[in-house]
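Here is a short briefing to read alongside the sequence and the model. Keep the viewer open and follow the topics in whatever order you like.

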Amino acid sequence: MSRYLMIDFGSTFTKLTAVDTETEDIIGTANSFTTVATDINIGYGNALRELYNKIGEVKFDKIIGCSSAAGGLKMAAIGLVEELTLEAAKRVCLGAGAKVEFAFSHHLTSADVKKIVDNNIDIILLAGGTDGGNSECVLYNQRILAEHGIKIPIIYAGNKNCQDEILSIAKEYGMNEYVCGNVMPKLNELRVDEARDKIREIFLKNIIEAKGIKKIESQIDKLILPTPEAVLRAAELLSKGYMHERGLGEIVLVDIGGATTDFYSMCSASAKRSDVVLKGLEEPYAKRTVEGDLGMRYSALGVLSSLSAEEIRMYDEEEGVDLNKELLFRHEHVDNVPSDEHEAKIDRIMGQICVDKSIERHVGKMEEMYTPMGLLYYQFGKDLTRIRYVIGTGGVLVRSENPYEILKKVEYNLSKPLELRPQHPQYMLDKDYILAAMGLLSEIDPLLAIKIMKKHIVSIKPVQ
């Protein structure tokens, strides 16, 4: 028998999940406010005491963690063509659990570099050119970063024929440079694994210490993943299954947090109709997008900014609220937890907006094209119309008395007919807030992780 403790150091809460391998189940969960700004051990200690109050003091065979505290992993992606190498670079960052703060195409300017410096970017991913293709742009961008004294880690994942020159510039200016395989060695061919692994390596070696998270190192065995990557791994495991334990098949997952809303889709990217032609970069089976302006507390003003004046007026009139006032309050009071029906209603409205806007940005879209053969459709991105399960996680959903009302905003919308949203999904809830923990557990025991997820992720229906 073994007992494992998984820790998610989130931007708002530090969440603990304890697992027993003999019972093949969770034996306890607990959470407390994250205290990375002072000493991350304080919030962890508070959560641990709460856990021990529930299950008694137990010895854990392994303690592992993931983190999105202190803003998570912030990256800048630089590419050549916006629709190709830049898009490839962004996907690498997102798949590694990062938040892409800036995405630059073509030649960098001094103003671009200033944004990177002023916003305390953690890692730069520099891409551009297929192997043997364009080299001028990536060399220009490397040199302008060098001349501005950039010392944060830079991962070069562009045209391999430029690697020697890239390293020469890095050595000349004393840059913190890493080189890996091209994320797009051939046109429309993606190879993301090497760059993604390098991001994780730098996260573990450099970023944890810079964010003050290293203070917790003596208390746990290791911190192994950014939280969003842990959730991505859990979602992919739940979708595909493991050994004899069947998965759920194609799923969509939305994670509404205090600072971001992360959207995940686990499904084939192939066209579902014969009159549709796929365009753009090949989509991965496991895809994540993150909306850094959509969150329940830190990004409450971003939720407001995502709405038009007409939409704000509609919410104010139909719900009898003052959205400007309410969302400003939550931005200024990030530790606010709903204490009455009115506050719960505001959180429900915010959650619905986060779901609606995040899927709008994630989902594939159709474009109509008239040809001599008649009307054809071009599909850009993923078709989610036949997704069977939509799973929700995050505090606003777990605490809600009617999470279905929030999640159903993913559905097909007649006012946006060319968005390929789910049409008739079933809804499920990560009721114990364990997906990040199960992503961590999958690193040790994937079979146990999927068994626990299938027990604790439950179907939900509208409240009558």
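The notes below go through a helix and its surroundings, a helix pair, the cysteines, and some individual residues.

This is a predicted model, in which local features need pLDDT of at least 70 and side-chain atom pairs count only at pLDDT 80 or more, while totals for chains, interfaces and linings use all residues. Residues are numbered from 1 along each chain as its sequence is written, and side-chain values use heavy atoms, with hydrogens and water left out.

**Helix α1 and its surroundings**

- Helix α1 covers residues 40-55, 16 residues in total; helices (H or I, at least four residues) and strands (E, at least two) are DSSP runs, numbered from the N terminus.
- From first C-alpha to last, α1 reaches 23 Å, close to the 22 Å expected at 1.5 Å a residue, where the expected span is 1.5 Å times one less than the number of residues.
- After α1 comes G56, whose phi is positive, near 85°.
- The buried residues of α1 are I40, G43, Y44, G45, A47, L48 and L51 (buried means under 20% relative accessible area, exposed over 50%, partly exposed in between, with a 1.4 Å probe and protein chains only).
- Strands β1 (3-9), β2 (13-20), β3 (25-33) and β4 (62-67) are included in what covers these buried residues of α1.

**A helix pair: α9 and α11**

- Two packed helices are described by the angle between their axes and the distance between the axes.
- For α9 (residues 309-319) and α11 (residues 341-362), the axes come within 12 Å and cross at roughly 145°; axes are lines fitted to C-alpha atoms, for helices over the stretch in contact, and angles run from 0 to 180 degrees between N-to-C directions.
- The crossing of α9 and α11 is right-handed (left-handed if the near helix is turned anticlockwise from the far one by less than a right angle, right-handed if clockwise).
- On the α9 side the contact is made by E311, Y315 and E319, and on the α11 side by K345, R348, I349, I353 and K357; contact means heavy atoms within 4.5 Å.

**Cysteines**

- How many disulfides does the count come to? The count is zero, a disulfide being a pair of cysteine sulfur atoms within 2.5 Å.
- C137 has its closest cysteine sulfur in C162, 10 Å away, which is too far for a bond.
- For C180 the closest cysteine sulfur is in C93, 11 Å away and again too far for a bond.
- C137 is buried at 2% relative accessibility, and C180 is buried at 3%.

**Two buried residues with polar side-chain contacts**

- K287 sits in strand β16 (residues 286-291) and is buried, at 12% relative accessibility.
- The side chain of K287 makes a polar contact with the side chain of E283 at 3.0 Å; a polar contact is a pair of N or O atoms within 3.5 Å, where within protein one must be able to donate a hydrogen and the other to accept it, and residues adjacent in sequence count only if both atoms are side-chain atoms.
- Leaving out residues up to four places away in sequence, K287 touches L232, F263, Y264, S265, M266, H362 and K382.
- T393, in strand β19 (residues 389-393), is buried with a relative accessible area of 2%.
- The side chains of T393 and D430 make a polar contact at 2.7 Å.
- Beyond four places in sequence, the residues touched by T393 include D430, Y433 and L435.

- Most residues other than glycine have a negative phi.
- N188 has a positive phi near 65°; N188 lies in the loop between β9 (177-179) and α6 (193-210) and is partly exposed at 35%.
- Y433 also has a positive phi, about 60°; Y433 lies in the loop between β20 (426-430) and α14 (435-441) and is partly exposed at 27%.

**Contacts across the sequence**

- A259, in the loop between β13 (251-256) and β14 (261-266), is 37 residues from M296 in sequence and 6.6 Å from it in space, C-alpha to C-alpha.
- L448 belongs to helix α15 (residues 446-456) and is buried at 3%.
- L448 and T21 are 427 residues apart in sequence, yet 7.5 Å apart C-alpha to C-alpha.
- Apart from residues up to four places away in sequence, L448 touches V19, T21, E24 and L441.
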